[in-house]
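I opened a new notebook page for this structure. My plan is to look things up one at a time and write down what I find.

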Amino acid sequence: MDSSHLNFSNQNLQNRSFKGLNLNGANFSSADIRGCDFSNAQLKDANFTGAKIGQLPRVFVFVLTIACVVAIITFKAVSEMSFGVLGRTPEESAWSYSVALFVSLGIAGLCASFSGITKQNSIFHRLTTIISGAASGALLGFYYGGSSQDNNPQIAVISAVVASLLMAFVCFKFKTGFVRVVVAVTGCITNYGFAFLLSSLAFAFLNIPNILLGSIFICLTLIATVLTMLCLLKAVKEITSVGVTSFKGADLSNAKFDGSTLQRIQRM
């Protein structure tokens, strides 16, 4: 490649893709490469001195807005359903819905937590992401589908199935940062709901009193609370990682960076 074609100094290259290209010796000094994809590119002896890397402010605001909307929608559904099942007994007809809510919250939250601590490209990561997304989709479909039809249980169940399948497909098909943000945010809220229900059971058993079961559910509540915080930290990390400059798999042998820039790349 002609050396003149490798001079990108002082250029605005935001969100450009250089994936897999041979850019050995390229000059990106003082260029704006925020959001660029250099995955698996050859960048030996490349010059990135003074280059702007990372995430564009407008991308951060957009992703943060999506995360907030998802959090509000999920929180409303989870909190209202959780309060709605408090005090239910096995003798009541709605007991099965209480059990389904408890199980769905546990699956969605636990899988989101596992997804956040496993290697991104591993099979286990993808599997837990899909399961968490499907469980969260079922919860949201059940609540909003039923609410739109005067709490019709049949419509709620159908909506839950459709939303679950849709979310599972999205999580399977798309491995974007947006999907990871949604899974982390919904996982945080579902873990919160799960912790809330566990704490209600703990207090119920302690009031009987059944110290053993009460203590067990207190421990489970603490675990769910820790998982909530883990998902929250994961959500923050994902929000600040969408659309950042990517050097994943790139050969950066002898490439020149500013000291602070190099430290930021190593953390990405």
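How many positive and negative side chains does the chain have, and how far apart do the centres of the two sets lie? I looked up the charges and found 19 positive and 11 negative side chains. The centres of the two sets lie 6 Å apart. I note here that the model is predicted.

**Entry: overall layout**

I went through the secondary structure next. The chain has seven helices and zero strands. Along the sequence I read the pattern α-α-α-α-α-α-α. The radius of gyration is 23 Å, well over the 18 Å that the globule rule gives for 268 residues, so the chain is more spread out than a compact globule. I also looked up the box filled by the C-alpha atoms. Along the principal axes, that box is roughly 80 × 40 × 30 Å.

**Entry: surface and contacts**

I checked how much of the chain is covered. Of the 268 residues, 41% are buried. The accessible surface is about 14400 Å². Carbon and sulfur atoms hold 65% of that surface. Residues 24 or more positions apart make up 57% of them.

**Entry: aromatic rings**

I searched the whole structure for aromatic pairs and got 19. One of them joins Phe 205 and Phe 217. This pair is stacked, with 5.5 Å from centre to centre and 10° between the planes. Phe 205 sits in helix 5, residues 177-207, and Phe 217 sits in helix 6. The two are 12 residues apart, and the pair links distant parts of the chain.

Phe 217 comes to 16%, so I list Phe 217 as buried. The cut-off for buried is under 20%.

I also found a cluster linked by ring pairs. Its members are Phe 8, Phe 18, Phe 28, Phe 38, Phe 48, Phe 247 and Phe 257.

**Entry: Phe 257**

I picked Phe 257 from that cluster. Where does Phe 257 lie? I found Phe 257 in the loop between helix 6 (211-239) and helix 7 (259-267). Its relative accessibility is 16%, so Phe 257 counts as buried. Phe 48 is 209 residues away along the chain, yet the C-alpha atoms of Phe 257 and Phe 48 are separated by 5.1 Å.

**Entry: Ser 136**

Next I looked up Ser 136, in helix 3, residues 123-147. Ser 136 is at 4% relative accessibility, so Ser 136 counts as buried. Which residues is Ser 136 in contact with, leaving aside neighbours within four places in sequence? I wrote down Ala 108, Thr 186 and Thr 190.

**Entry: backbone details**

A cis peptide bond joins Ile 208 and Pro 209, with omega about 0°. Pro 209 lies in the loop between helix 5 and helix 6.

Ser 30 has a positive phi of about 60°, although Ser 30 is not a glycine. I found Ser 30 in the segment before helix 1 (57-85). Ser 30 is partly exposed, at 41% relative accessibility.

Asp 45 also has a positive phi of about 60° and is not a glycine. Asp 45 is in the segment before helix 1. With a relative accessible area of 46%, Asp 45 is partly exposed.

Definitions and conventions
Residues are numbered from 1 along each chain as its sequence is written. This is a predicted model: local features need pLDDT of at least 70, side-chain atom pairs count only at pLDDT 80 or more; totals for chains, interfaces and linings use all residues. Side-chain values use heavy atoms; hydrogens and water are left out. Helices (H or I, at least four residues) and strands (E, at least two) are DSSP runs, numbered from the N terminus. Buried means under 20% relative accessible area, exposed over 50%, partly exposed in between (1.4 Å probe, protein chains only). Rings of Phe, Tyr and Trp (its six-membered ring) pair if their centres lie within 6.5 Å; planes under 30 degrees apart count as stacked, over 60 as edge-to-face and the rest as tilted. The radius of gyration is taken over C-alpha atoms; the globule rule is 2.2 Å times the number of residues to the power 0.38. Contact means heavy atoms within 4.5 Å. Accessible areas come from the Shrake-Rupley method with a 1.4 Å probe; for residues, only the protein chains shown count as cover. Lys and Arg count as positive and Asp and Glu as negative; His and the chain ends are not counted. The place of a charge is taken as NZ of Lys, CZ of Arg, CG of Asp or CD of Glu.
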